[in-house]
Amino acid sequence: MAIERTLTIIKPDAVKAGHVGDIIKIFEASRLKIVAARLVSLSKKEAEGFYAVHRGKGFFESLTTFMSSGPAIPMVLEGENAIASLREVMGATNPANAAPGTIRKLYASSIESNCVHGSDAPETAAFEIGYFFPGVDLV
Ligand code: ADP
Ligand code: MG
């Protein structure tokens, strides 16, 4: 297994509901180390740029409105197999289908307001890390 980096976002619903600490606790317990973090209020355009792969889908308009609705916390996480590990602790996109103990099962309220983002492959991780942390020399 390799040491990888991946991008997560604690989404506006989780920040609003006060679950930032709960979610970071799960990351840390899963050996996902925070190597960069910001607090951002995305514009609609920035949210659209981040989710460009979903442009044209039925939920794109609503998703990018949600993602620009309040503060969110993008972070770079590092660890062994970080990309797959993060996806595992996040749980399924729809919290109704998420496994017990996962972030989305514990805290998410709908398939859209599902608390966290996680990169799904090395290529998307590279793009997404660069989107929020351009030119930053990560520790
Ligand atoms: P994931 O975040 O699990 O990788 P996707 O990449 O498929 O899921 O979708 C990106 C985000 O778009 C989801 O996390 C969720 O916020 C939203 N989303 C996905 N599918 C739907 C849907 N059918 N209806 C509303 N929002 C959705
Ligand atoms: Mg995705």
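Tutor: Start with His117, which lies in strand 4. Helices (H or I, at least four residues) and strands (E, at least two) are DSSP runs, numbered from the N terminus. The model is a predicted one, in which local features need pLDDT of at least 70, side-chain atom pairs count only at pLDDT 80 or more, and totals for chains, interfaces and linings use all residues. Residues are numbered from 1 along each chain as its sequence is written, chains are lettered from A and ligands numbered from 1 in the order in which they are written, and side-chain values use heavy atoms, with hydrogens and water left out.

Student: Why is His117 called buried?

Tutor: Buried means under 20% relative accessible area, exposed means over 50%, and partly exposed is in between (1.4 Å probe, protein chains only). His117 has a relative accessible area of 8%, so His117 is buried.

Student: What does His117 touch, not counting residues up to four places away in sequence?

Tutor: Contact means heavy atoms within 4.5 Å. On that basis His117 touches Leu7, Thr8, Ile9, Lys11, Phe50, Tyr51, Leu86, Met90 and Glu128. Ile9 is 108 residues from His117 in sequence, but their C-alpha atoms are 4.9 Å apart in space.

Student: What makes the pair His117 and Glu128 a polar contact?

Tutor: A polar contact is a pair of N or O atoms within 3.5 Å; within protein, one must be able to donate a hydrogen and the other to accept it, and residues adjacent in sequence count only if both atoms are side-chain atoms. The side chains of His117 and Glu128 are joined by such a contact at 2.8 Å.

Student: Is Asp22 buried, partly exposed or exposed?

Tutor: Asp22 has a relative accessible area of 31%, so Asp22 is partly exposed. Asp22 is in helix 2, and a polar contact of 2.8 Å joins its side chain to that of His19. His19 lies in the loop between helix 1 (12–16) and helix 2 (20–29), and touches Ala14 and Tyr107.

Student: What makes the phi of Asn81 worth a remark?

Tutor: Most residues other than glycine have a negative phi. Phi of Asn81 is near 55°, a positive value in a residue other than glycine. Asn81 lies in the loop between strand 3 (73–80) and helix 5. Cys115, also not a glycine, has a positive phi of about 75° and is placed in the loop between helix 6 (103–107) and strand 4. With 28% relative accessible area Asn81 is partly exposed, whereas Cys115, at 1%, counts as buried.

Student: Which residues are around ligand 1?

Tutor: A residue is near a molecule or strand if one of its heavy atoms lies within 4 Å of it. The residues around ligand 1 include Lys11, Tyr51, His54, Arg87, Arg104 and Asn114. An N or O atom in the Lys11 side chain is 2.9 Å from an oxygen atom of ligand 1. For Arg87 the corresponding distance is 2.8 Å, and for a polar side-chain atom of Arg104, 3.0 Å.

Student: What is the volume of the largest pocket?

Tutor: The volume is about 500 Å³. Of the 23 residues that line the largest pocket, the closest to its centre are Tyr51, His54, Phe59, Leu63 and His117. Helix 7 gives the most to the lining, with 4 residues.

Student: How do you know what counts as a pocket, its lining and its volume?

Tutor: On a 1 Å grid over the protein atoms alone, a cavity is a set of points where a 1.4 Å probe fits but cannot get out, while a pocket is an open set with protein on both sides within 12 Å along at least five of seven lines; lining residues have an atom within 4 Å of a point. Grid points are joined across faces, edges and corners, and a volume is the space filled by probe spheres set on the points.
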